[in-house]
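Here are some reading notes to keep beside the model. Work through the points in order and find each residue on screen as you go.

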Amino acid sequence: MSAAIWAITAFLFSAGLAAVVLRRQLLAMLLGVELMIAGVNVALVHYAGRYADAEALAAVAVVIAVAAAEAVVGLSLILKVLRSGRGLDAGDLAELRG
Amino acid sequence: MSALTALWAVPLAGAVACALAGRAARWWALISGAAFLALAAAAVRLSWQAGAVLAVTDALPGAFGVSYKLAADGFSLSLVALTAFLNLVCVAASWELEVSAGYWACFCFLASALSGVFLARDLFVFYVFWEATLIPMFFIIGLWGSDNRRHAAVKFFLFTFAGSIFMLLALIAIVVAHQRATGVWTWDLDALRGTDLGAAAPWAFLGLLVGFGVKIPMVPLHTWLPDAHTEAPAAGSVMLAGVMLKMGLYGLIRVALPLLPSVAESWLPILGTLAGINAVYGALCAMAQTDLKRLIAYSSIAHLGFCLLGVFSGTSQGLTGAALQMVNHGITTGALFLMVGFLYERAHKRGVADFGELAARAPRLAFFFGLATFASIGLPGLNGFVGEFMCLSGAAESPILFVGVPFFALLGVVGVTLAAAYALPAYQTVFWAPAGPGSASPRVGDLRPRESAILWTLSGLMLWIGLAPRGWLALLEPSLRGLVK
Amino acid sequence: MTAAQVPLSAWLLFAAPIAALLLGFFVFRPLKPEWTHLPILLSCAVVTGASLALTARVLAGGSFDLNLYRWAAAGRWAIDFGLRVDGPGTAVLSMVAVVGSLIHVYAASYMKGDPGFSRFFLVFHLFFLAMIGLLTANNFVQLYLFWELVGVASYLLVGFWFHKESARKAALKAFLTNRVGDFGFLLALLLILTSFKVGHFQLVYFLVRNSTTMPEFLPLIGVLLIWAACAKSAQFPLYFWLPDAMEGPTPTSALMHAATMVTAGVFLLIRAWPLIAAVPALPPLVAAIGAFTAVFAAVLAATKKDLKRILAYSTVSHLGLMMLALGLGQVAVAVLHLIIHGFFKAALFLCAGNVGHAIHQPTANVDDVGGWGPSMRMTQACFVLAALSLAGIWPFGGFFSKDAILDAALARGGAFALAGALVSVLSAFYIFRMMFLTFHGARPEQKGLGAHPHEAGPEFVAPIVLLSLGAALAGLLKSRVETLVVLGWQQVPFVVPIIGGQLRILRADLPGVSVLPEFSATVFAIGTGLAALGAGAAYYATMMDASWDWRWRASSPRLSNVFESDFGWKIVVDRLVAGVAGFARFVGQVFDKAWWDGAIEGAGTAAGGAGGILSGFSRGRLNDALWWMTAGTALLLAARGLR
């Protein structure tokens, strides 16, 4: 049973990671981050059920709340970038150069 | 005696006052410079009469045994007095310049940091003051220098800073070795004497040598000097050549030789040869220069080569002569740089070929320049000869021979012979030869009363030290006795 | 003897010139420069009186040598300055004082109207003071001090008319050549201090005489001192600055480059003679250098056309004779010739000055003069007296010293005898050639007839008359000089304070300072015969075959060039100097700036370049950063996993 959950977690996490790293569209990168968070949540819930650990469930609640906040911040930043007329391609936003 | 703290605190206070003063900054610089000189003179007098070492020691609640320790013997005080005197000369020479308050603040700060270097007896405090001198000098060259000032300022800073890193590493190594041997953390110079570093000793000495050698400057670490001097404003060159170059020699005598005497002893052939190379190489390069300031810069390298010969000779006349020559060089080269500064201020040109016939247009300038030139090439009767002769006399006692002649003395005498070859042709071209069509000479008027007064003071000192050096030597000799073999 | 017992005349020797210089520089020069010579002439008179008084004192046996002033000290090393009043010193001092004062008087008239009048007199008198100091120094360091000062005064005076390029170059050449010689003096000085621990003449003499083995550096010291003397006294190979130094005003040439400064080299050797004589190989070296230079310069003097240059080469030749005498061990003879030469050479130079003054030039060439005897009777008469003295004709002064040198040379035989004979002939030849060409019969190649020379005024002529009379009558001094040198040298007590409060008086037992040779009829005959031969040849070459001088030059330009370039030596020297200057340029501009500094600046550029490459890694793109993060995290986890 746990193997399947770990597989789902790994799939979600790596899909999310791939989306973040490989995609250039900012919204897609944000979606990828959300996917990674979802994967972690799955693993946490499974763990909570498996070992009857209430702290894990509490962690899930915290993660969901933080993810929501982070989504809000992320979306407002993306809106800002969009409104400034620079498009949503991460490749174009390269001003913090070395 | 907390009076010693005053020696570096007074100019620092002056720097703060200048920075805040705005238009009246130069008056604050003058006041603090005069106060500093008075204090320094009083300290010299005290030291001479009492023959004692004035000291102040406060243990800082710091880590690793760092303490606030100052001490002043004749040698240190002579350099502090030189700093104070040249600082005042610089203020007087720059009086009419249109510069911001920062200029005056930088000079005061520089004087304070230099004074701290010469008084510190705790290695950490020494290092802090050492590095502190770089900051005002960087700004002086970089903000108020000539055309290529940015490059020269950065080069100066990076070069000397890089050297200081090696010095810091060496100092840390010595402190750590002392701690391993005795279990006590201390940065006190007197306590660290005789620390045994074993196999690391040559490396530590090399680090110190590099750090001090950049400042002296020792060939091959000298290339920052011509650029820095050429681009610095006149007063900046005076402080740079007059005092800052002496920091390196001071460090050698005060720190490197007492801490690692056995290494110095075994490296004597190399060190003496390097010193001799300084004297000869500096003179040869000076012969090829067409810019007056660059010429004097290379001649400084040659002069400090003589000082090095004296220091490495380990004889009392060599060491005392080197110490005296440090003061002499400050006076003579300071005078030369000042006069080139006066020329540049009037004509905005520094090349030897840009002038001519100045003996007719500016006879007083010609007189002082001639006097300073002869002092610089070591004419007996003027101050340059005393130091050079004593250093060479020390070097001649070395047993290292080359075709039957003491090698280091031979190099030194070659340097003395070549000195006339770089100084006099330049003097003749500027003052005696006819002015060419593009010459800047018509713009050069004779010295103003303020400038004359400064040069009379400097010339008077040159004659005094040249004819009656005994008193000055008596001030310096006791401090150096410990280094005589 | 203590400082309080030093006679007033010794203090006056220094006090008068110093007072005159200070007065002249601070009072007269700014206010009334044309009166600068007044305190200076007064000082000359005082100095002359003082020197003669001191000489009388030494003749009466009152020589002394004591330290007066500790100049520098460090630890156990100390240098003291003091006074040494002894035979050779006072003998030469008197000559310098008398000749110098007369030339000062001449210069007051000669330099009148020159814009640099004040500067001239101040530097001239500074030189005078330096010469006094040199002659009364009691140790090598003090002598070196005044030696250098004399060199500086020479530089300033040769380059007096500095708007002329030839004068500037000549001044530089003089100073730098002397500096090359001073290389030897300074190194010798350092070695003396290292070997003997003291620099005082008397102490060094004592130590040299009483040491069982020769001190290690003594031969080297001797050679270096000889090198220094060669530069100052214009011996081969360092003589070439002296002819060019004629660019200076005539009083300079007369005083410095004839009578006094150039004799400083010979004087140094006299002072150092006990050291040099202690090394067997050195006196022959001195004699050889002297003999070679004497002949070399005499030949060249016979071929020159500029009047002052003829006299310059003649000076070189006579200095060579002095060195020859010294090298043969005849110290008294060398001193005698030094003194008499001072008189006649100064007189000759001032006559040449008169000739030049007549045509309003600083110097005259044989092309410009000719047949001026009738118009310049006084000058001609003085010239004749001095010329006879130079040629060594009895009973004029020069005979006594020349004869003695010839005697010593002939006694030694071989090359020295030949050199002595040649110099006798050539000296007579060149001086009479100069006389005939200037004062007798204008030749077609000369412009002499066209010009109307006027005799110089009495203020110009009077000093020369006195000098020529001195040159003529100097033979009377012979025995006095002998007494001074022999007695005055060996009788000098030097008080040495020794730790413990006891004083010790040292009298050094000096090597045989020979007396003047006895009169020998053979040498008299040979000497007079050779001089007559030279004079006769000159008469033939100038009066009977009047155009000889111009004809050989025209017919053989190659030969003319050989003589012009001093048998090629001037070319060698120029090449050497150019080589050194080129090497300096290479070191200063190529090696230091381009290569070494270039390498260091290159390191800076390289660091910048490396930074540029490295900064290429961060293009500011989010995706790159994310890749790096992922890769880094994976690596960390892998490392953790491996552990």
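Predicted model: local features only at pLDDT ≥ 70, side-chain atom pairs only at ≥ 80, totals over all residues.

1. A disulfide is a covalent bond between the sulfur atoms of two cysteines.

2. B:C18. A disulfide needs the two sulfur atoms within 2.5 Å. B:C18 itself counts as buried, because its relative accessibility is 0%.

3. B:C285. Here the closest cysteine sulfur is in B:C307. The distance is 18 Å, so the two are too far apart for a bond. Is B:C285 buried or exposed? B:C285 counts as buried, because its relative accessibility is 0%.

4. Cavities. Rolling a probe the size of a water molecule over the atoms shows where empty space is left. How many cavities of 30 Å³ or more does the structure hold? There are nine.

5. The largest cavity. Its volume is about 110 Å³. The lining residues are in chain B, among them B:L292, B:F369, B:T373 and B:Y427. Three helices of chain B give two or more residues each to this lining: α13 (292-313), α16 (363-376) and α18 (407-432). Sorted by class, the lining of the largest cavity has nine nonpolar residues, three polar ones and no charged ones. The residues B:S299, B:T373 and B:S376 are part of this lining.

6. The second largest cavity. This one has a volume of about 80 Å³. Look for it in chain C, where C:F399, C:K402, C:D403 and C:T528 are among the lining residues. The elements that give two or more residues are α17 (397-412) and α21 (521-544) of chain C. Which element gives the most? It is α17(C), with four residues. By class, the lining of the second largest cavity has four nonpolar, four polar and two charged residues.

7. The second largest pocket. About 1600 Å³ of space lies in this pocket. Its lining has 48 residues, and those closest to the centre are B:M287, B:A421, C:L176, C:V577 and C:A581. Chain B supplies at least two lining residues from each of α12 (268-287) and α18. The largest share, 12 residues, comes from α6(C). By class, the lining of the second largest pocket has 30 nonpolar, eight polar and 10 charged residues.

8. A:H46. Where is A:H46 placed? This histidine is in helix α2 of chain A, which covers residues 26-51. A:H46 has a relative accessible area of 16%, so it is buried; the cut-off for buried is under 20%. Leaving out residues up to four places away in sequence, A:H46 touches A:S2 and A:I5.

9. Confidence in chain A. The mean pLDDT of chain A is 90, and 97% of its residues reach 70 or more. In which helix is confidence lowest, and in which is it highest? The lowest is helix α1 (residues 2-22), at a mean of 91. The highest is helix α3 (residues 54-83), at 94.

Conventions. Residues numbered from 1 in each chain as written. Chains lettered and ligands numbered in written order. Heavy atoms only, no water. 1 Å grid on protein atoms, 1.4 Å probe; cavity = no way out; pocket = protein on both sides within 12 Å on 5 of 7 lines; lining within 4 Å. Points joined across faces, edges and corners; volume = space filled by probe spheres on them. Nonpolar A, V, L, I, M, F, W, Y, C, P; charged D, E, K, R; others polar. Buried < 20%, exposed > 50% of the residue type's maximum accessible area, 1.4 Å probe, protein only. Contact = heavy atoms within 4.5 Å. pLDDT = per-residue confidence, 0-100.
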